[in-house]
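Please look through the sequence and the structure, then read the points below.

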Amino acid sequence: MMVFVKDPCGFICIIFTYAAVVYADYVVIRWVVVQTMSDSLWGPFHVLIFNTLVFLLSYAHFKAMLSDPGAVPLPKTRVDFSDIHTGELSAMLQNKDDWTVCTRCETYRPPRAHHCRICKRCIKRMDHHCPWINNCVGEKNQRYFVQFLIYVTILAVYAIALVSISWLRECPLCSREITIKQTRILHSIVLLIEAVMFGLFVLTILYDQIEAIIHDETGIEQLAALGSGSSDTPKLSYRKVLLRHICRLPCQSYQPTYRHLPSHTV
Ligand SMILES: [Zn+2]
Ligand SMILES: [Zn+2]
């Protein structure tokens, strides 16, 4: 099932992400490879590898953005909550002690599912809503999200390496024109700043995701543990809170990502 969340913050982040990727590709091809590696086969090789990584990044991003993150199916008919503890519904939930009711979706949801106010759905094993993929990170699309983070990290490191090589390497056939040289240096510096900022940001989220997968604890569960004072790693959890604020940086005036909604344990 394909999904596309209508969230202005998500739109801004998607445009920003692809603008950054297209700009990085432009600088690498036009100002790094063509200007400093045109005298060797390393030039076409780097263009091929860099663009393959850009394609893989875009593919993983599209999959993370458009895949169903694990939405809890909505009932065909609305649930009558007055019947929660009686007859038919109690029988239905007899062996589902940990199931809860979402009053927004008006349905029952399995353990570890949470309601996302932006997606307007309950998501199974919801980690967080990420505006950078304009979707929730949940049970079914977390692997695509992690792949996307890995490709961004590799591309950032690769871009830094290419700029460094272009500054160190002698190129006898390259243009000596001063304006071209200045423009190349300017674009290279902007690309370096972009690569370092995105690289560090994404690397932190990647670390966060891998840790969540290893400990089998979603971002929401870690925040909940922090709120209840039962977290074993308070410093780590504060870092996660900070990370989520940075995640929403392009849309600070917009509504908060999510919060725990009142639910009735049945
Ligand atoms: Zn819900
Ligand atoms: Zn969401």
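Helices (H or I, at least four residues) and strands (E, at least two) are DSSP runs, numbered from the N terminus. The model is predicted: local features need pLDDT of at least 70 and side-chain atom pairs count only at pLDDT 80 or more, while totals for chains, interfaces and linings use all residues. Residues are numbered from 1 along each chain as its sequence is written, and chains are lettered from A and ligands numbered from 1 in the order in which they are written.

**Overall make-up**
- The protein has 7 helices and 7 strands, and from the N terminus its elements run α-α-α-β-β-β-β-β-β-α-α-α-α-β.
- Among contacts (C-beta atoms, placed from the backbone, within 7 Å) with a separation of 6 or more, 71% join residues 24 or more positions apart.

**Regions from the UniProt record**
- An unreviewed UniProt entry lists residues 9-29, 41-60, 148-168 and 188-207 under "transmembrane region"; such annotations may be inferred rather than shown by experiment, the positions follow the numbering used here, and feature names are shortened.
- Residues 148-168 are 100% helix and 0% strand, with end C-alpha atoms 30 Å apart.
- Residues 188-207 are likewise 100% helix and 0% strand, and their end C-alpha atoms lie 28 Å apart.

**Helix packing**
- Two packed helices are described by the angle between their axes and the distance between the axes. Axes are lines fitted to C-alpha atoms, for helices over the stretch in contact, and angles run from 0 to 180 degrees between N-to-C directions.
- Helix 1 (residues 8-36) and helix 4 (residues 142-168) have axes that come within 10 Å and cross at roughly 25 degrees. The two are therefore roughly parallel (angles under 35 degrees; over 145 is roughly antiparallel, 65 to 115 roughly perpendicular and the rest oblique).
- The crossing of helix 1 and helix 4 is left-handed, meaning that the near helix is turned anticlockwise from the far one by less than a right angle, with clockwise giving right-handed.
- On the helix 1 side, Ala-24, Val-28, Val-32 and Thr-36 take part, meeting Leu-155, Ala-159, Leu-162, Val-163 and Ser-166 of helix 4. This contact has 7 nonpolar, 2 polar and no charged residues (Ala, Val, Leu, Ile, Met, Phe, Trp, Tyr, Cys and Pro are nonpolar, Asp, Glu, Lys and Arg charged, and the others, Gly among them, polar).
- Helix 4 and helix 5 pack at about 150 degrees with axes 8 Å apart, and are therefore roughly antiparallel. Their crossing is left-handed.
- Residues in this contact include Phe-145, Leu-149 and Ile-160 of helix 4 and Leu-191, Phe-198 and Gln-209 of helix 5. By class, the contact of helix 4 with helix 5 has 18 nonpolar, 5 polar and no charged residues.

**Individual residues**
- Most residues other than glycine have a negative phi.
- Arg-125, not a glycine, has a positive phi of about 45 degrees. Arg-125 sits in the loop between strand 4 (121-123) and strand 5 (128-130) and is buried, because 22 other C-beta atoms lie within 10 Å.
- Asp-216, also not a glycine, has a positive phi of about 50 degrees. Asp-216 is in the loop between helix 5 (178-215) and helix 6 (219-228) and is exposed, with 9 other C-beta atoms within 10 Å.
- Ile-220 lies in helix 6 and counts as buried, with 20 C-beta neighbours inside 10 Å.
- Leaving aside residues up to four places away in sequence, Ile-220 touches His-114, Met-126, Asp-127 and His-128. Ile-220 and His-128 are 92 residues apart in sequence, yet 6.6 Å apart from C-alpha to C-alpha.

Terms used. Two residues are in contact if their C-beta atoms, placed from the backbone, lie within 7 Å. A residue is buried if 20 or more other C-beta atoms lie within 10 Å of its own, exposed if 12 or fewer, and partly exposed in between; C-beta atoms are placed from the backbone.
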